[in-house]
Amino acid sequence: LLGASWSSASAWLAVFVIDGQGLGTNSALFAGLLLSSRGLVSAALQPFTGPLADRQNRVLLVAIGLVVSGVSVLAIPLVPRTLVDTSILGPAMTMAPWVLGMLVLAGIAESLATPAQQAIFVQIGRRGGMGSLMGLNAMGNAIGFLSGSLVGALVKDLLGIEAVFTFAGVITIGEIGRAHV
């Protein structure tokens, strides 16, 4: 379900940023910055947060990461829509710093949860077969990415673009129930 959550939010994030029903920035550069910031922050912090998964309660780390990530995605349409014109990356870019902050926060939270989740997978894989577990995980993520984009489109059509982020955040937070060994 995390794949469904991430794909529904990311598929509609650019539309939310550019379209008048969302932020109306008309800045494809800012949309790209948002889409990359979450993953870049998560990847950059994992060498520092990864050792926590070796010393701390992994289920707790995953739960904290899921809650913070889910709340930050859920908050995207709720944060102030203050727009700032900047030229950080070359030509002028209109950005919404609070939305960027929510995606950075999601990346920080995911940097906490991902190593702990992977360590849990290793524990489970030792008992049930690592290859089997990784195959099932990859299949689940692929199905989630496909279905999340489609369900996100349905949510957008029925309830509006802001509801997509509520859907994604609730799904992410709801994954806590699966965060156990």
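What follows walks through the salt bridges, a helix crossing, a surface patch and a few individual residues of a predicted model. Residues are numbered from 1 along each chain as its sequence is written, and side-chain values use heavy atoms, with hydrogens and water left out. Because the model is predicted, local features need pLDDT of at least 70 and side-chain atom pairs count only at pLDDT 80 or more, while totals for chains, interfaces and linings use all residues.

Salt bridges come up first. With the cut-off set as a side-chain nitrogen of Lys or Arg within 4 Å of a carboxyl oxygen of Asp or Glu, the count comes to two. One of them joins the side chains of Arg-38 and Glu-110, at 2.5 Å from N to O. Arg-38 sits in helix 2 and Glu-110 in helix 4, so this pair ties together parts that are 72 residues apart in sequence. Helices here are DSSP runs of H or I with at least four residues, strands are runs of E with at least two, and both are numbered from the N terminus.

The partners can also be sorted by relative accessible area (buried is under 20%, exposed is over 50%, partly exposed is in between; 1.4 Å probe, protein chains only). Arg-38 is buried at 5%, whereas Glu-110 is partly exposed at 22%.

Arg-81 belongs to the loop between helix 3 (58-74) and strand 1 (84-86) and Glu-162 to helix 6 (residues 161-174), so the pair ties together parts that are 81 residues apart in sequence. Arg-81 is partly exposed, with a relative accessible area of 32%, and Glu-162 is partly exposed as well, at 35%.

Helix 6 also holds Ile-161, which is buried at 5% relative accessible area. Not counting residues up to four places away in sequence, Ile-161 touches Trp-12, Val-15, Phe-16, Gln-21 and Lys-156. From C-alpha to C-alpha, Ile-161 and Ala-9 are 9.8 Å apart in space, despite being 152 residues apart in sequence.

As for helix packing, the axes of helix 4 (residues 97-128) and helix 5 come within 7 Å and cross at roughly 130 degrees. That makes helix 4 oblique to helix 5. Axes are lines fitted to C-alpha atoms, for helices over the stretch in contact, and angles run from 0 to 180 degrees between N-to-C directions. Angles under 35 degrees count as roughly parallel, over 145 as roughly antiparallel, 65 to 115 as roughly perpendicular and the rest as oblique. Residues making the contact include Phe-121, Val-122 and Ile-124 of helix 4 and Leu-133 and Met-134 of helix 5.

Helix 5 (residues 130-159) also contains Leu-136, which counts as exposed at 53% relative accessibility. Together with Met-139 and Ile-143, Leu-136 makes a nonpolar surface patch of about 310 Å². Patches take residues with over 30% relative accessible area and no salt bridge, joining like charges within 9 Å and nonpolar side chains (Val, Leu, Ile, Met, Phe, Trp, Tyr) within 5 Å. The areas come from the Shrake-Rupley method with a 1.4 Å probe, and for residues only the protein chains shown count as cover.

Note on methods: Contact means heavy atoms within 4.5 Å.
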